Amino acid sequence: VGFLPQDLAENSFFFESGALSYSQEPGTSKVESETSERVQVRTWISEVALWAQWVHVGRLEGQAPTRLIVVNARRLLSSLEGRSVVGTLTKRYARAVVSRIRAACPPWQPYPNDLGLPVKD
């Protein structure tokens, strides 16, 4: 298991190869019925954890040997400290992500999940 619902997200993952499934249940996420999907290769998983405090709302499980690149949010942000241009751009991007999280609300947009944020029109 990669992560479980209600776990604090400390890492983001880039899915390089293998087979992963992602599922959500009504008791731990904003879905009406249980959902499950295969995660597409070359997908960022829990990318939002890099930019905001995030709690997983689904379950990530390997279905076969899988290769993930793990990016620890705390380490990434500390490596950007003191880098004025990159630090400024990173803070702007983080604010934009938080704004998208707050705006993600039906009927205008679906709720965010661990596989991504809704894209604004």
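The following dialogue examines several residues of a predicted model.

Trainee: Why is His56 called buried?

Mentor: The relative accessible area of His56 is 4%. Buried means under 20%, so His56 is called buried. His56 lies in the loop between β4 and β5 (59-62).

Trainee: What makes the pairing of the side chains of His56 and Asp114 a polar contact?

Mentor: The two side chains are 2.8 Å apart in this contact. The cut-off for a pair of N or O atoms is 3.5 Å, and one atom must be able to donate a hydrogen and the other to accept it. The value of 2.8 Å is within 3.5 Å, and therefore the pair of His56 and Asp114 counts as a polar contact.

Trainee: Which residues does His56 touch, not counting those up to four places away in sequence?

Mentor: His56 touches Phe3, Leu4, Pro5, Gln6, Asp7, Leu8, Ala9, Ser46 and Asp114.

Trainee: Gln6 is among those residues. Why is Gln6 called exposed?

Mentor: Gln6 has a relative accessible area of 56%. Exposed means over 50%, so the term applies to Gln6. Gln6 is placed in the segment before β1 (11-17).

Trainee: Where is Arg42 found, and why is Arg42 called exposed?

Mentor: Arg42 is in the loop between β3 (35-38) and β4 (43-45). Its relative accessible area is 60%. That value is over 50%, so Arg42 is called exposed.

Trainee: Why is Val98 called partly exposed?

Mentor: Val98, in helix α2 (residues 84-103), has a relative accessible area of 22%. Buried would require a value under 20% and exposed a value over 50%. Since 22% falls in between, Val98 is called partly exposed.

Trainee: Which residues is Val98 in contact with, leaving aside neighbours within four places in sequence?

Mentor: Val98 is in contact with Trp51 and Ala52. The C-alpha atoms of Val98 and Gln53 are separated by 9.3 Å, and these residues are 45 residues apart along the chain.

Trainee: What does Gly62 touch, not counting residues up to four places away in sequence?

Mentor: Gly62, in strand β5, touches Ala19 and Leu20. Gly62 and Arg38 are 24 residues apart along the chain, and their C-alpha atoms are separated by 9.9 Å.

Terms used:
Residues are numbered from 1 along each chain as its sequence is written. This is a predicted model: local features need pLDDT of at least 70, side-chain atom pairs count only at pLDDT 80 or more; totals for chains, interfaces and linings use all residues. Side-chain values use heavy atoms; hydrogens and water are left out. Helices (H or I, at least four residues) and strands (E, at least two) are DSSP runs, numbered from the N terminus. Buried means under 20% relative accessible area, exposed over 50%, partly exposed in between (1.4 Å probe, protein chains only). Contact means heavy atoms within 4.5 Å.
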